[in-house]
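Here is a briefing on a single chain. Read it alongside the sequence and the coordinates.

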Amino acid sequence: MKVVVSCLILLFVFGCKDNEEKPKEKMELIMVKPSEMANLMNEMYAYNLSLKQQVRDGKILNEFPERFLNIHSAILTDPSDRDSLFEVNSKLFIKTQKALFKSNTDNILGNYNNVVNSCISCHEVTCMGPIPRIKKLYIK
């Protein structure tokens, strides 16, 4: 009986020893440079976020940023995304963004939310990732 118990203890001690994990090779993180379009979209987001308070106040103090017209020529992350739907949606975005700057106090809120809607309708077709962020632009 002592032999059996001794064997069980030995099995337990040696069976439970820590297996040393070999250190995993550290993978080098490679930062991908954002495309021209990604940079432009981030700029558009920041700009419209700044307009949000102006719209809440019932005034638009800024002017349409002409650099937004680069939406038609900026290099996309995936060039195949520049298709007919992209072209239609990018023209709609420019149209709604320009309309915002022509708004009177009666329709400024609706026109601002139309800009946000135009962003979302494009991103529903391609590159859905930013939609939750874009929705933060809405004024309820």
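Buried residues make up 30% of the 140 residues in the chain, where buried means under 20% relative accessible area, exposed over 50% and partly exposed in between, with a 1.4 Å probe and protein chains only. This is a predicted model, in which local features need pLDDT of at least 70, side-chain atom pairs count only at pLDDT 80 or more, and totals for chains, interfaces and linings use all residues. Residues are numbered from 1 along each chain as its sequence is written, and side-chain values use heavy atoms, with hydrogens and water left out.

**Overall layout**

- The chain has five helices and zero strands; helices (H or I, at least four residues) and strands (E, at least two) are DSSP runs, numbered from the N terminus.
- Along the sequence the pattern reads α-α-α-α-α.
- Of the contacts between residues at least 6 apart in sequence, 62% join residues at least 24 apart; contact means heavy atoms within 4.5 Å.

**Helix α2**

- Helix α2 covers residues 36–56, 21 residues in total.
- From first C-alpha to last, α2 reaches 30 Å, close to the 30 Å expected at 1.5 Å a residue; the expected span is 1.5 Å times one less than the number of residues.
- Its buried residues are Met37, Leu40, Met44, Tyr45, Tyr47, Asn48, Leu51, Lys52, Gln54 and Val55.
- The cover over these buried residues includes α3 (84–101), α4 (108–123) and α5 (131–135).
- Just after α2, glycine 58 takes a positive phi of about 80°.

- Methionine 37 is in contact with Ile71, Ala74, Ile75, Leu76, Arg82 and Phe86, leaving aside neighbours within four places in sequence.
- Tyrosine 47 sits in helix α2 and is buried, with a relative accessible area of 13%.
- Not counting residues up to four places away in sequence, tyrosine 47 touches Asn62, Glu63, Pro65, Arg67, Phe68 and Phe101.
- Tyrosine 47 and asparagine 62 are 15 residues apart along the chain, and their C-alpha atoms are separated by 9.8 Å.

**Nonpolar core**

- The largest nonpolar core has 28 residues; such a core is a set of buried Ala, Val, Leu, Ile, Met, Phe, Trp, Tyr and Cys residues joined through side-chain atoms within 4.5 Å.
- Met37, Leu40, Phe68, Ile71, Phe93, Leu100 and Tyr112 have the most contacts inside this core.
- The elements giving two or more residues to this core are α2, α3, α4 and α5.
- In soluble globular proteins, nonpolar side chains tend to be buried together.

**Packing of α2 on α3**

- The two helices α2 and α3 pack at an angle of about 30°, with axes 13 Å apart; axes are lines fitted to C-alpha atoms, for helices over the stretch in contact, and angles run from 0 to 180 degrees between N-to-C directions.
- That angle makes α2 roughly parallel to α3; angles under 35 degrees count as roughly parallel, over 145 as roughly antiparallel, 65 to 115 as roughly perpendicular and the rest as oblique.
- The crossing of α2 past α3 is left-handed, meaning that the near helix is turned anticlockwise from the far one by less than a right angle.
- Met37, Met44, Tyr47, Asn48, Leu51 and Val55 of α2 meet Phe86, Phe93, Gln97, Leu100 and Phe101 of α3.

**Packing of α2 on α4**

- The axes of α2 and α4 come within 11 Å and cross at roughly 160°.
- Helices α2 and α4 are therefore roughly antiparallel to each other.
- Here too, α2 passes α4 in a left-handed crossing.
- Met41, Asn48, Leu51, Lys52 and Val55 of α2 meet Ile108, Leu109, Tyr112, Val115 and His123 of α4.

**Helix α4**

- Helix α4 has 16 residues and reaches 23 Å between its end C-alpha atoms, close to the 22 Å expected.
- Its buried residues include Ile108, Asn111, Tyr112, Val115, Cys119 and His123.
- Cover for the buried residues of α4 includes α2, α3 and α5.

**Loops**

- Threonine 105 is in the loop between α3 and α4 and is exposed, with a relative accessible area of 61%.
- Threonine 105 and lysine 59 are 46 residues apart in sequence but 7.1 Å apart in space, C-alpha to C-alpha.
- Cysteine 127 lies in the loop between α4 and α5 and is partly exposed, with a relative accessible area of 48%.
- Phi of cysteine 127 is near 60°, a positive value in a residue other than glycine.
- Most residues other than glycine have a negative phi.
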